[in-house]
Amino acid sequence: MPVQNSEIAAMFDQVADLLEISGQNPFRVRAYRRAARTVEGLPRSVSVMLAEDRGLSGLPGIGRDLAGKIAAIVQTGHFDQLDQLKVSMPGDVTKMVALPGLGPKRVKILYDTLKIRTLDELRRAADQGKLREVRGLGPALEKKLSQALDKPVAERRFKIAVAEQEATALSAYLRGCGRVAIAGSYRRRRDTVGDLDILVTSTHGSSVSGKLAAYENVSEVLAHGPSRTTVVLRSGLQVDVRAVPAKSYGAALLYFTGSKAHNIALRGLAVKRKWKLNEYGLVDENGTRIAGATEEGIYEALAMQYIPPEMREDRGEIVLAQRHCLPPLLEIADIRGDLHVHSDWTDGTANIEDMAAAARMRGYQFMALTDHSRRMAVAHGLSPDDVMRQMRVVDALNASTSGFTILKGIEVDVLKDGSLDLPDTILARLDIVVAAVHSHFDLPRDVQTERVLRAMRHPRVSILAHPTGRLIGEREPYELDMDRITSAAAESGCILEINAQPDRLDLNDIHAHMAKLKGARLAVSTDAHSTLAFQYMRFGVDQARRAWLTAEDVINTRPLSDLRALLKR
DNA sequence: GCCGTTTTCGGCCCGACTGTTTTCAGTCG
């Protein structure tokens, strides 16, 4: 099986950790980390890029040496340098650096002085009170490590919709202190967030810190300074709040929004002009202030377009902004209808009329009714007869309304062999066929890929729903060769869905970007099972924006007449 | 290890907080 980008990134991260612990040049360490982020965020699989003989060394942070190493990994499946480092430094050292309060320097000290190389040995040393005796460490760190070892919380990320609830409540609570903005990966609209980064404009930061510490949902205060406070909420979500003066608002928002890689690249641009960019502003070599009150002012001073937060990942957006050719990203107002909607005919909670009314309330012109097919027995899937009956009901509803159309559709199950759960004669009578995998998630990669490709090539299939089947934090995506899937979408005209349910967000940003680059078209759909669920559309639009999609790339921005032409193949 | 209308060598983002110090290193974001 070809090596995945994420595996290469993980190898590079491990090498970076090990080099750092062994005291290597920190810039060399950073080069590995940067390359890891680049590979991870690539819209195409490295194996395929190499097979197509496309050089890797043009990619940001990947020069001749690392390009060669990546090629070797793809060819052999393993990374010699990493293997050697592991031999010279056995044990769990890379797990140890992940513990709070432990970094490469302290791990090295522990390794050298106490011969600690595993988490078990670390625990024993902590229990015996040996850590506090090490020079540079102390009882506070020993206690902190003991606690961290007691609850080895796997790094927990929160779905964007969950984080949004906390963020909304907390920003309302802090509003009295000054202007409040939620920054970080939340503002970049990542599908999950690790913590909340909140910015408050205030002349006296200590009152903001005090107010945050007094918030009823705070379970623990991790750090408490005059300008920056870190707490953990009862939900486990960590929150950083930073108080800044109004004249630094833009610089702080930029800094706190990230991503880190984007910030580093921007600071590099400032340094080239002998300027300095930090969270307080952009200043020239004499210390004269150039910009800082707004993000727009900073980008302008650096001679580039304003970059929307969703694009700030250092994946090529900076060069585009310098050339003033950023794509006009999709906006929620561009959406004219929803192409994946359920009713109480299967597992939805509302009847067809109410779903249609809710869609209309949002200003939509159309909605595709796509209940499940019979194979989904748990959802009371529709038989061919049921589909015929439902079509007559929809025809009657459409006849009695104007200015809004319910498209007759189905979410048809893709069976194990890639065939569909309803006869072609039925599918042919529908306006739209959405195909989806709901079973046999554990097929081998090539078998699963062939299965899905077969469904996509079926001439009646308009859209492939939630293409990878992931449930964030609950179920991994099934094994699928996304290079082939996205290529097939472009070739066949089968449209790929960005499912906007916050626990799916499937396709994800990287795969959606991959699809765009190949010329495939996408649909952003809510998969609504209730009238309220139409609200999820914005989460799907967020991911579409992270994938650099424009209204042109997304079919449900089209007027109904244009759309119909795209649904028939 | 990468990278270049400053450079193919010599730079490489920047500041806050903590716990340990007795002026600062390490960690973190």
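Colleague: Let's start with the hairpin. How many residues lie between β5 and β6?
Modeller: The hairpin made by β5 and β6 has 3 residues between its strands. Helices (H or I, at least four residues) and strands (E, at least two) are runs from DSSP, numbered from the N terminus.

Colleague: And what am I looking at here, a prediction or something else?
Modeller: It is a predicted model, where local features need pLDDT of at least 70 and side-chain atom pairs count only at pLDDT 80 or more, while totals for chains, interfaces and linings use all residues. Residues count from 1 along each chain as its sequence is written, and chains are lettered from A and ligands numbered from 1 in the order in which they are written.

Colleague: Thanks! Back to β5 and β6: in which sense do they pair?
Modeller: Residues 218–224 form β5 and residues 228–233 form β6, and the two pair in the antiparallel sense over 5 bridges. Strands pair if DSSP finds at least two bridges between them.

Colleague: Where does the 3-stranded sheet come in, and what is its order?
Modeller: Its order is β8-β9-β10, the sheet is open and the pairing is antiparallel. The edges are β8 (276–278) and β10 (289–291); each has a single partner strand, so one side of each is left without a neighbour in the sheet. On average, neighbouring strands in this sheet are turned by 30° against each other, direction ignored.

Colleague: Which bridge partner does L464 have in β16?
Modeller: That is L496. Here β15 (residues 463–464) and β16 (residues 495–499) run parallel, joined by 2 bridges.

Colleague: Changing topic to helix pairs: at what angle do α1 and α2 pack?
Modeller: Helix α1 (residues 5–21) and helix α2 (residues 26–40) pack at about 165°, and their axes are 8 Å apart. That makes α1 roughly antiparallel to α2. Axes are lines fitted to C-alpha atoms (for helices, over the stretch in contact), and angles run from 0 to 180 degrees between N-to-C directions.

Colleague: Which residues meet there?
Modeller: From α1 they include F12, V15 and L19, and from α2 they include V29, Y32 and V39.

Colleague: What about α17 and α18, at what angle do they pack?
Modeller: Helix α17 (residues 352–361) and helix α18 (residues 384–399) pack at about 45°, with axes 11 Å apart. That makes α17 oblique to α18. The cut-offs are under 35 degrees for roughly parallel, over 145 for roughly antiparallel, 65 to 115 for roughly perpendicular, and oblique for the rest. In this contact I352, E353 and A356 of α17 meet V393, V394 and L397 of α18.

Colleague: Zooming out, which domains does chain A have?
Modeller: The assignment gives domain 1 (5–150), domain 2 (158–244), domain 3 (248–322) and domain 4 (332–567). Such bounds come from an automatic or database assignment. The centres of domain 2 and domain 3, taken over C-alpha atoms, are 23 Å apart. Their contact takes 13 residues from domain 2 and 11 residues from domain 3. On the domain 2 side, α11 (184–187), β4 (195–201) and β7 (238–244) each supply at least two residues.

Conventions:
Two residues are in contact if their C-beta atoms, placed from the backbone, lie within 7 Å.
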